[in-house]
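This report describes a structure for a reader who has not seen it before. It begins with the contact between the chains and then turns to the parts of each chain.

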Amino acid sequence: MNEQAISNSNPRKYFSVFALVCIGLAGGYFTFLFTANNQQLKPSEIEGLLWPSKQLSAFELESTDGNGLNLAQLKDRWSFMFFGYTNCPDVCPMTLTTLTATVKQLRDESASDATQVIFVSIDPKRDTIEQMKSYVKFFDSSFIGATDTIEKINVLSEQLSIAHFRSEPDENGNYNVDHSSSIMLIDPQGRRVGIFGPQDKPGKIAAQFQAIRKYVESQS
Amino acid sequence: MISRRQLILLFSGFLCLTGSTAIAEENSIEVIDPWIREAPPGMTMLGGYLSIKNNSDTLVSIVGSSSNHFKKVEIHKTEVSTNGISRMVRQERIEIPENRIQVFEPGGLHLMMMQPIRTLAAQDVVDVTFQLENGDEIKFMAIVRGL
């Protein structure tokens, strides 16, 4: 009697298992299709992206275009912001040259609309607004320079974790300023969303910028 | 048996040989593509870059730099720390082992050229001197490159 019961239930058991496997496979396949269509990189896969973003709060600096540098000026634009000083012989001109090439590449790709480059001087002792004007124009006529008192600069630089220290002047009064040299990316809502290195090549920055912009816009 | 006089002559001859070897060594140091980055008027510090090749069979040590166009020239190295802070570290001495090249390039080693005597424009040519530890000097001309 037992043998009979067992031999009768085996085919049904196998069939149930088989059916379950089919359902599982089908379910898996449709899930794959669904996610494949909506495939998007995760934040950790987008190099340079800082997510969740950080909303900047109010600050006010004098700027070379006369509009002042504040949250209103960051609105509706993607800003590449870099902190340095005009008497910097190496890193600052190198980074500004990189940004000039980056913007040129974005222009060639018709992707430069609504972008701006902002150079903030953390050396107001030597960098007047007039000095900043001639300096940024040297790189690209669209670049904006900004500076003000150290206290006002700090309101912005501290939000972006930009550090700066002045060295001791030598006998001729020359001194250097050690400073964070990363390029910060601010989105049209005034949020810090990305970071690039000063040694990065223009092509890399342009590509990363496009990827970051695509992601940030998809999250709105 | 060598007399004292002969010994002195021999020794002097040896010294002359080493002296002339030193001159030959100086000629076997090549400065490649020296350039200075143009800066807007009024800037007090400009960056200088080059490659320097030591074709000799002894270590070459640069212990100073100068130029008639600048009040002071120092050698610095840009270092970016892990938290992203750039600082320019003064290099008191640059050593180039035999048959090696030392590169001075943006973001790395550079000449910090301070207080130009007049504003430099692209295509201007400027003299630069390296002082070596053994007392020799290497002189070359650097060209100003526009941005």
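This is a predicted model: local features need pLDDT of at least 70, side-chain atom pairs count only at pLDDT 80 or more; totals for chains, interfaces and linings use all residues.

## The interface

The size of an interface is often given as the accessible area lost when the parts come together. For chain B and chain A that area is about 2300 Å², with 55% of it on carbon and sulfur atoms.

Polar contacts also cross the interface: 11 residue pairs of chain B and chain A are found in such contact, both residues being at pLDDT 80 or more.

## Salt bridges

Side chains of opposite charge can pair when their charged atoms come close. Over all chains the count is 18 salt bridges, and three salt bridges are counted between chain B and chain A. One salt bridge joins Glu171(A) to Lys72(B), with 3.5 Å from N to O.

Lys72(B) also meets Glu74(B) in a salt bridge, at 3.3 Å from N to O. Lys72(B) and Glu74(B) are both buried. Through shared partners, salt bridges join Asp170(A), Glu171(A), Lys72(B), Glu74(B), Arg90(B) and Glu92(B) into one network.

Other salt bridges lie within chain A. The side chain of Asp200(A) pairs with that of Lys204(A) at 3.6 Å, N to O. Asp200(A) counts as buried because its relative accessibility is 17%, under the 20% limit. Lys204(A), at a relative accessible area of 37%, is partly exposed. A further salt bridge links Glu45(A) and Lys42(A), with an N to O distance of 3.9 Å. Glu45(A) is partly exposed, its relative accessible area being 44%.

## Chain B

Chain B contains one helix and 10 strands. Read from the N terminus, its elements follow the order α-β-β-β-β-β-β-β-β-β-β. Chain B has 147 residues, of which 42% count as buried. Taking contacts in chain B between residues at least 6 apart in sequence, 66% join residues at least 24 apart.

Strand β9 of chain B covers residues 125-132, and six of its eight residues are buried. β9(B) is joined by four bridges to strand β3 (residues 60-66) of chain B, and the two run antiparallel. In that part of chain B, Gly64(B) stands opposite Gln131(B) of β9(B).

β9(B) is also joined to strand β10 (residues 137-145) of chain B, by seven bridges and again in antiparallel fashion. Across from Val125(B) stands Ile143(B) of β10(B). The two strands β9(B) and β10(B) form a hairpin, with four residues between them. In the turn of this hairpin, Gly135(B) has a positive phi of about 95°.

## Chain A

Chain A holds an open sheet of seven strands with mixed pairing, in the order β1-β9-β8-β3-β4-β5-β2. β1 (49-55) and β2 (62-63) of chain A are the edge strands, and each pairs on one side only. Within chain A, strand β3 (residues 78-84) and strand β8 (residues 183-186) run antiparallel and are joined by three bridges. The bridge partner of Met81(A) in β8(A) is Met184(A).

The loop between β2 and α2 (71-74) of chain A contains Asn70(A). Is Asn70(A) buried or exposed? Asn70(A) counts as buried because its relative accessibility is 13%, which is under 20%. Leaving aside residues up to four places away in sequence, Asn70(A) touches Phe59(A) and Glu60(A).

## Cysteines

How many disulfides are there over all chains? The count comes to zero. Cys92(A) is buried, its relative accessible area being 0%, whereas Cys22(A) counts as partly exposed at 37% relative accessibility.

Terms used. Residues are numbered from 1 along each chain as its sequence is written. Chains are lettered from A and ligands numbered from 1 in the order in which they are written. Side-chain values use heavy atoms; hydrogens and water are left out. A disulfide is a pair of cysteine sulfur atoms within 2.5 Å. Buried means under 20% relative accessible area, exposed over 50%, partly exposed in between (1.4 Å probe, protein chains only). Two strands pair if DSSP finds at least two bridges between them. Buried area is the accessible area (1.4 Å probe) that two parts lose on being put together, summed over both. A salt bridge is a side-chain nitrogen of Lys or Arg within 4 Å of a carboxyl oxygen of Asp or Glu. A polar contact is a pair of N or O atoms within 3.5 Å; within protein, one must be able to donate a hydrogen and the other to accept it, and residues adjacent in sequence count only if both atoms are side-chain atoms. Contact means heavy atoms within 4.5 Å.
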